[in-house]
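Please keep the sequence and the model open side by side.

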Amino acid sequence: MAFPNEKEIKKMRKKLGRAQGFLMLSPDADELAKFRFKICQDLLKYSQKENLNAAQMAKFLGIPKSDMSRIFNHRIDRFSTDKLVRLFAKIKPNFQLKVA
């Protein structure tokens, strides 16, 4: 098998640049990023515990399924922290947020 030529490599880079998958938390993430990541994890854990798929969870939270998919994959750059906290409050209505 031959090594791909430059044109094929550019095509593959472009395709991979559009790939949407699960984002990991950066090792040097600040506290706010860690907090937002944890909210996503908690929402995903809740859906698994309650046996809800993305469409069902989206309906429960009152958001589009595409947004739920983004949250499940930690692609939350479009969401404010306030929005994520409001969604979290729907699964844990009695939680208290304490800021030090």
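## Helix 5 and its buried face

Helix 5 spans residues 81-91, and its buried residues are Thr81, Leu84, Val85, Leu87, Phe88 and Ile91. Viewed down the helix 5 axis, these residues fall within an arc of 160°, so they line one face of the helix. The arc is taken from the directions that run from the helix axis to the C-beta atoms. Asp82 and Arg86 sit on the other side of helix 5 and are exposed. Buried means under 20% relative accessible area, exposed over 50%, and partly exposed in between (1.4 Å probe, protein chains only).

The buried residues of helix 5 pack against helix 2 (31-49), helix 3 (54-61) and helix 4 (65-72). A contact means heavy atoms within 4.5 Å. Helices are DSSP runs (H or I, at least four residues), strands are E runs of at least two, and both are numbered from the N terminus.

## Model and basis

This is a predicted model: local features need pLDDT of at least 70, side-chain atom pairs count only at pLDDT 80 or more, and totals for chains, interfaces and linings use all residues. Residues are numbered from 1 along each chain as its sequence is written, and side-chain values use heavy atoms, with hydrogens and water left out.

## Overall fold

The protein has five helices and zero strands. Buried residues make up 28% of its 100 residues. Of the contacts between residues at least 6 apart in sequence, 55% join residues at least 24 apart.

## Partly exposed Phe35

Phe35 lies in helix 2. Its relative accessibility is 31%, so Phe35 counts as partly exposed.
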